[in-house]
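Biologist: Could you take me through this protein slowly, and tell me what lies behind each term as you use it?

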Amino acid sequence: MPLLAALDHLLNFLAPAAGVALLLVAGTRVLMRKRPPALSWRAQAAIFFAVGAAVLVAGLVLLGRDGKMLTYGALVLACASSQWLLLRGWRG
């Protein structure tokens, strides 16, 4: 596989993690204005992207195929859980 094709496949594989990370950061900034942000938006997006990429790779390894809805559900759940931890949601 040529280098550009491999790069295209990699970027398309990681695109859902990037999209969820950016939407989660933007949604938090809009919907939770009264709460001070735990980290800068770039740091939050990087954390959520890393968590999301790890979930996508785990889904590929465990299920043997990319693009399963179970993997995307786990992606959303993992990123939301990461946001809850960053905002210290257990404190109420």
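Modeller: The protein exposes about 6,400 Å², with carbon and sulfur atoms supplying 71% of it; such areas come from the Shrake-Rupley method with a 1.4 Å probe, and for residues only the protein chains shown count as cover. This is a predicted model, in which local features need pLDDT of at least 70 and side-chain atom pairs count only at pLDDT 80 or more, while totals for chains, interfaces and linings use all residues. Residues are numbered from 1 along each chain as its sequence is written, and side-chain values use heavy atoms, leaving out hydrogens and water.

Biologist: What makes the elements of the protein run α-α-α?

Modeller: Helices are DSSP runs of H or I with at least four residues, and strands are runs of E with at least two, numbered from the N terminus; the protein has three helices and zero strands, and from the N terminus on this reads α-α-α.

Biologist: Why is Leu10 called partly exposed?

Modeller: Buried means under 20% relative accessible area, exposed means over 50%, and partly exposed lies in between (1.4 Å probe, protein chains only). Leu10 has a relative accessible area of 46%, and is therefore partly exposed. Leu10 lies in helix α1.

Biologist: Which residues does Phe48 touch, not counting those up to four places away in sequence?

Modeller: Contact means heavy atoms within 4.5 Å, and on that basis Phe48 touches Ala21, Leu24, Val25, Cys79, Ser82, Gln83 and Leu86.
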